[in-house]
Amino acid sequence: MHEYCLKAWVTGRVQSVGFRAASREQALKEELTGHARNLSDGRVEVLLCGERSAVDRVVRWLWQGPPASRVTHVECEKVDATPPNTFELS
């Protein structure tokens, strides 16, 4: 079965506020794999792979983020990726 993978770029106050760790927690709750990484332009990139409805639930959460964050935009793109075995932070 080919898993659904989506990459999201989250803009706003999303670095140094626990956004990556909270994204990982949400993804693991939904049994997704992928990664969350800080980008040099201040955004966070999140790769989510798994069941499409679970990916969609986490994307909706990305618009909110953890309490200290202030998300202003989330851009998403379906990608062909080899799903990682875990959810990695970098």
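Predicted model: local features only at pLDDT ≥ 70, side-chain atom pairs only at ≥ 80, totals over all residues.
I started with Gln-26, which sits in helix α1.

Is Gln-26 buried or exposed? I found it at 18% relative accessibility. Buried means under 20% here, so Gln-26 counts as buried.

Next I looked up what Gln-26 touches, skipping its neighbours within four places in sequence. That left Val-58 and Trp-61.

Trp-61 took me to the aromatics. I got 1 aromatic pair for the structure. Phe-19 and Trp-61 make up the pair, with ring centres 5.7 Å apart and planes at 40°, so I logged it as tilted. Phe-19 belongs to helix α1 and Trp-61 to helix α2, 42 residues apart, so the pair links distant parts of the chain. I checked burial for both: Phe-19 is buried, and Trp-61 is buried too.

Then the largest nonpolar core, which has 23 residues. Which members touch the most others? I noted Val-10, Phe-19, Leu-32, Val-46, Leu-48, Val-55 and Leu-62. At least two core residues come from each of β1 (4–13), α1 (19–29), β3 (44–50), α2 (52–62) and β4 (70–78). Helix α2 gives the largest share, 6 residues.

What is Leu-62 in contact with, once its neighbours within four places in sequence are left aside? I listed Ala-8, Val-10, Phe-19, Ser-23, Val-46, Leu-48, Val-71 and Val-74. Phe-19 thus turns up in my notes both as a contact of Leu-62 and as a member of the aromatic pair.

Note on methods. Residues numbered from 1 in each chain as written. Heavy atoms only, no water. Core = buried A, V, L, I, M, F, W, Y, C linked by side-chain atoms within 4.5 Å. Buried < 20%, exposed > 50% of the residue type's maximum accessible area, 1.4 Å probe, protein only. Helix = DSSP H or I, 4+ residues; strand = E, 2+ residues; numbered from the N terminus. Contact = heavy atoms within 4.5 Å. Phe/Tyr/Trp six-rings, centres within 6.5 Å; stacked < 30°, edge-to-face > 60°.
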